[in-house]
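Here are some notes to read alongside the model, for anyone opening it for the first time. They run from particular residues out to the whole chain.

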Amino acid sequence: MEGYNRSSWFFKMDNNAAKIVTLIPSATEIVAFLGQKKTIVGRSHECDFPEGLENIAKLTSPKIDVDGTSNEINKQINSILENSLSVYKVDIDKLKKLNPDFIITQAHCEVCAVSFLEVEKIVDKYLNKKTKIISLEPNTLNDVFDDIKKVAKNLGINNDLNNKLVENLKIRIDEINKLSNKQKIKPTIACIEWIDPLMIAGNWIPEMVEIAGGTNLMGKPGSSSHWVKFKEIEKFNPEIIFFIPCGFGIKKTKQELENYLKKNKSFSTLKAYKNNKLFIGDGNQFFNRPGPRLVESLEMLAEIMHPKIFNFKHKNKGWINYND
């Protein structure tokens, strides 16, 4: 979109910052967005954005085979959770040596990252009382903005700067919303967060679909993602199906989708399939990371649903058409 104003991602900060450990990728992105990337001394194994994190200590590792298929990963996770265990291991020795002032984690999803309760137990047992836990729990876009403000407040970042950063994100969202609202056609879309078994994306995704000018099917704004049977998708017969599995990049998702379609021939009866409207997004880097880059995710949705109006040049980078 020509002339579209994008705010700079990083801002330099002069204040003396404390040592921060981020145990979820969105937290790392939020800290960097606030200009505090250099204060991160430890991270999760999944924290890979922005660039320059390679030499920062990895403090977590998965207890599952992340290279497995959707179905295999789902079975492994269910087995672990049924035994009331965590999906991730934390390197306690490394964490003790780092002795951070802040640990940022989440209370949103047991599968996404180390949970707040587990971090709380680790801090109580192994670290001193000065370590503060910041827990993120976003369900909507506004929750994400509130989490950014929460992190900024805890880190002692100037309120004016923090408010300006968040306001710039909202301006970009409003620009998309203004244009999408003028479109008479609002295509129906189903956003799939897991392929085998099928899961419909919830939380902030349905809200983003509406802002980008679509009609969201099945998922509810602010509510958790949920499992569905193919018959439910068949009943709604969406014009667009967008696959954004949590933790999967485009290449992995395409492989999973190819395998799923081979086993489930009924998909070929759907309107989206017949009209070449099956799309794949990078669910790992974008849509499932509740941080500043959700705005880029919104731009991608707008491009997919209204390609004649929006072109942020994310195609073949953040998303693809499955049939291309």
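1. A definition to start with: a salt bridge here is a side-chain nitrogen of Lys or Arg within 4 Å of a carboxyl oxygen of Asp or Glu. Keep in mind that this is a predicted model. With that rule in hand, look for Glu-29, Asp-48, Arg-289 and Arg-293, which salt bridges link into a network.

2. Let's zoom in on one pair from that network. Glu-29 and Arg-289 join their side chains in a salt bridge, with N and O 2.8 Å apart. Glu-29 sits in helix 1 (residues 25-33), while Arg-289 is in the loop between helix 11 (283-287) and helix 12 (294-305), so this pair ties together parts that are 260 residues apart in sequence. Are these two partners buried or exposed? Both Glu-29 and Arg-289 are buried.

3. How many salt bridges are there in total? The count comes to nine. As background, side chains of opposite charge can pair when their charged atoms come close.

4. Asp-196 belongs to the loop between strand 8 (188-194) and strand 9 (199-200), and Lys-263 to helix 9 (residues 250-263), so here the parts being tied together are 67 residues apart in sequence. Asp-196 has 17% relative accessibility and counts as buried, whereas Lys-263 is exposed, at 60%.

5. For a local example, go to helix 5 (residues 141-154), where Asp-147 and Lys-150 are three residues apart and therefore separated by about one helical turn. Their side chains meet in a salt bridge of 4.0 Å, N to O. Asp-147 is buried, at 6% relative accessibility, and Lys-150 is partly exposed, at 35%.

6. Most residues other than glycine have a negative phi, and most peptide bonds are trans. Against that background, the peptide bond from Phe-49 to Pro-50 is cis, with omega near 0 degrees. Pro-50 is in the loop between strand 2 (40-43) and strand 3 (57-58). There is also a cis bond from Asp-196 to Pro-197, with omega near 5 degrees.

7. Which residues have a positive phi without being glycine? One of them is Met-218, with a phi of about 80 degrees, in the loop between strand 10 (215-216) and strand 11 (226-227). Lys-313 also has a positive phi, near 65 degrees, and lies in the loop between helix 12 and strand 14 (319-321).

8. At 0% relative accessibility, Thr-105 counts as buried. What does Thr-105 touch, leaving aside residues up to four places away in sequence? Its contacts include Leu-23, Ile-24, Val-114, Phe-116, Ile-133 and Leu-136. For a sense of scale, the C-alpha atoms of Thr-105 and Phe-236 are 37 Å apart in space, and the two residues are 131 apart in sequence.

9. Stepping back, the protein chain has 12 helices and 14 strands. Its C-alpha atoms fill a box of roughly 60 × 50 × 30 Å along the principal axes. A compact globule of 324 residues would have a radius of gyration near 20 Å, and the protein chain agrees because its own value is 20 Å. Of the 324 residues, 52% count as buried. Among contacts with a separation of 6 or more, 67% come from residues 24 or more positions apart.

10. Last, the surface and the charges. The protein chain exposes about 15,600 Å², of which carbon and sulfur atoms supply 48%. It has 47 positive and 40 negative side chains, and the centres of the two sets lie 2 Å apart.

Conventions: Residues are numbered from 1 along each chain as its sequence is written. This is a predicted model: local features need pLDDT of at least 70, side-chain atom pairs count only at pLDDT 80 or more; totals for chains, interfaces and linings use all residues. Side-chain values use heavy atoms; hydrogens and water are left out. Helices (H or I, at least four residues) and strands (E, at least two) are DSSP runs, numbered from the N terminus. The radius of gyration is taken over C-alpha atoms; the globule rule is 2.2 Å times the number of residues to the power 0.38. Buried means under 20% relative accessible area, exposed over 50%, partly exposed in between (1.4 Å probe, protein chains only). Contact means heavy atoms within 4.5 Å. Accessible areas come from the Shrake-Rupley method with a 1.4 Å probe; for residues, only the protein chains shown count as cover. Lys and Arg count as positive and Asp and Glu as negative; His and the chain ends are not counted. The place of a charge is taken as NZ of Lys, CZ of Arg, CG of Asp or CD of Glu.
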